[in-house]
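Hi everyone, thanks for making time for this. Please have a look at the model on the screen, and then I'll walk you through it.

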Amino acid sequence: MFNNQRYATRGIIEEIPMFTQIFLWNILDTMSEPKDGFQVFKLSERSGLQVIEHHQEIPEYRKDYEIKVDEIVTAKIFVIDDGTYSTMLLAEEY
């Protein structure tokens, strides 16, 4: 899962810095838990750091990250894998 062609919506391309996009894909690439086809990332700011809350429902999984970035964003992002391709999109684009 998430090892096929990857796409980002216009909202992701326009609003999420490339470094952060790559970091989110890397989280999925290195995730050792069984993956659900619907991943959720909540991005926020705390103490000058980018906070990324990553979770999925089945099986239940949650992990938080704090990273130093040049541009902090606040957003909710979904990554959906339908078996043919994976798409990263802003929650409001769903």
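This is a predicted model: local features need pLDDT of at least 70, side-chain atom pairs count only at pLDDT 80 or more; totals for chains, interfaces and linings use all residues.

I'll go from the overall fold to backbone geometry, then to the charges.

Residues are numbered from 1 along each chain as its sequence is written, and side-chain values use heavy atoms, with hydrogens and water left out.

So, the fold. We have two helices and six strands, where helices (H or I, at least four residues) and strands (E, at least two) are DSSP runs numbered from the N terminus. Reading from the N terminus, the order is β-α-α-β-β-β-β-β. The radius of gyration is 13 Å, close to the 12 Å that the globule rule gives for 94 residues, so the protein is as compact as a globular protein of that length. Here the radius is taken over C-alpha atoms, and the rule is 2.2 Å times the number of residues to the power 0.38. Along the principal axes, the C-alpha trace spans about 35 × 30 × 20 Å.

How much of the protein is buried? Of the 94 residues, 44% count as buried. For us, buried means under 20% relative accessible area, exposed means over 50%, and partly exposed is in between (1.4 Å probe, protein chains only).

Now the backbone. As a reminder, most residues other than glycine have a negative phi, and most peptide bonds are trans. With that in mind, look at phenylalanine 2, in the segment before strand E1 (5-8): its phi is near 65°, a positive value. Serine 47, in the loop between strand E2 (38-46) and E3, also has a positive phi, near 55°. Are these two buried or exposed? Phenylalanine 2 is buried at 0% relative accessible area, whereas serine 47 is exposed at 72%. Then there is the peptide bond between isoleucine 58 and proline 59, which is cis, with omega about -15°. Proline 59 sits in the loop between strand E3 (49-56) and strand E4 (61-67).

On to the charges. There are four salt bridges in the structure, each being a side-chain nitrogen of Lys or Arg within 4 Å of a carboxyl oxygen of Asp or Glu. One of them pairs glutamate 66 with arginine 46, with the closest N and O atoms 2.7 Å apart. This pair links distant parts of the chain, with glutamate 66 in strand E4 and arginine 46 in strand E2, 20 residues apart.

Which residues bridge to arginine 62? Glutamate 53 does, at 3.6 Å between the closest N and O atoms, and aspartate 64 does too, at 3.2 Å. Through these shared partners, Glu53, Arg62 and Asp64 are joined into one network. Arginine 62 is exposed at 53% relative accessibility, while glutamate 53 is partly exposed at 21% and aspartate 64 is partly exposed at 40%.

Last stop: glutamate 92, in the segment after strand E6 (85-90), is exposed at 60% relative accessibility.
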